[in-house]
Amino acid sequence: MAPAADRQGYWGPPTSTLDWCEENYAVTWYIAEFWNTVSNLIMIIPPVFGAIQSVRDGLEKRYIASYLALTVVGMGSWCFHMTLKYEMQLLDELPMIYSCCIFVYCMFECFKTKSSVNYHLLFTLVLFSLIVTTVYLKVKEPIFHQVMYGMLVFTLVVRSIYIVTWVYPWLRGLGYTSLGIFLMGFLLWNIDNIFCDSLRNFRKKVPPIIGVTTQFHAWWHILTGLGSYLHILFSLYTRTLYLRYRPKVKFLFGIWPVILFEPLRKH
């Protein structure tokens, strides 16, 4: 975490229970953690287009919700890192729980009939979200949130491994790429926390263009944003395969992955 000495800026002293390693108000008076803020664009813009495409393709609402939930996480994280206010921190952290619950629902319902609803699983996930929210608002302990979020991510990992091992082995590339990118982000998140003092001292000695590359919490946003987006594609690919569509991963401009498909024609 960040050392105590930091600049003051537009939003005033931080009230959040966390203050990350990026130097506060180092780039602009109006944004507390500039790079940790703008790096959230990867979680905001691409999922919006994914949601729009899902509506056009007539996909089930839960996949539209998955894309939009990732966008909400990105917007909440933007507000949190821009202000370092406690209320904005909640706007970042709680949607992380809610979005993961949506991902879990999608992954465990991908082999059901079209437009089916599992009310028992839905009730369980809503109850879990309410309990985590209530407890977290009361204890205000970031480690509690991180453990609860980790449990959801672990559930997604186990389910994904089951699918690529026993159901659709040819999806290993997409599934493991999503997981690997996410884990790389998690590694950099830990390095940023553990070696913050060393990273700050290093940034003082090198040109800013090099120092920016050591903003590992920003890399956490980029990598987990991409990993989460790829997870939605993996979940959607699995679902549309089961529904006997013809999904294909295409790359817009040769860079950004999207899923295109068409339903089997009725005879």
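Biologist: Is H81 buried or exposed in this structure?

Modeller: The model is a predicted one. A residue counts as buried when its relative accessible area is under 20%. H81 has a relative accessible area of 1%, so H81 is buried.

Biologist: In which helix is H81 found?

Modeller: H81 belongs to helix α3, which covers residues 61–83.

Biologist: Which residues does H81 touch, apart from those up to four places away in sequence?

Modeller: Contact here requires heavy atoms within 4.5 Å. On that basis H81 touches W20, A32, E33, N36, T37, N40, D92, H217 and H221.

Biologist: Which residues does UniProt list under "binding site"?

Modeller: The UniProt record, an unreviewed entry, lists H81, H217 and H221 under that heading. These residues are spread over 141 residues of sequence, yet they cluster in space, with a largest C-alpha distance of 11.3 Å. H81, H217 and H221 also take part in the lining of the largest pocket.

Biologist: Where is H221 found, and is H221 buried or exposed?

Modeller: H221 lies in helix α10, residues 216–242. The same cut-off of under 20% applies. The relative accessibility of H221 is 3%, and therefore H221 is buried.

Biologist: With which residues is H221 in contact, leaving aside neighbours within four places in sequence?

Modeller: H221 is in contact with N36, S39, N40, I42, M43, S77 and H81.

Biologist: What joins the side chains of H221 and S77?

Modeller: A polar contact requires a pair of N or O atoms within 3.5 Å. The side chains of H221 and S77 are joined by such a contact, at 3.4 Å.

How values were computed: Residues numbered from 1 in each chain as written. Predicted model: local features only at pLDDT ≥ 70, side-chain atom pairs only at ≥ 80, totals over all residues. Heavy atoms only, no water. UniProt positions renumbered as here; feature names shortened; annotations may be inferred. 1 Å grid on protein atoms, 1.4 Å probe; cavity = no way out; pocket = protein on both sides within 12 Å on 5 of 7 lines; lining within 4 Å. Helix = DSSP H or I, 4+ residues; strand = E, 2+ residues; numbered from the N terminus. Buried < 20%, exposed > 50% of the residue type's maximum accessible area, 1.4 Å probe, protein only. Polar contact = N/O pair within 3.5 Å; in protein donor to acceptor, adjacent residues only side chain to side chain.
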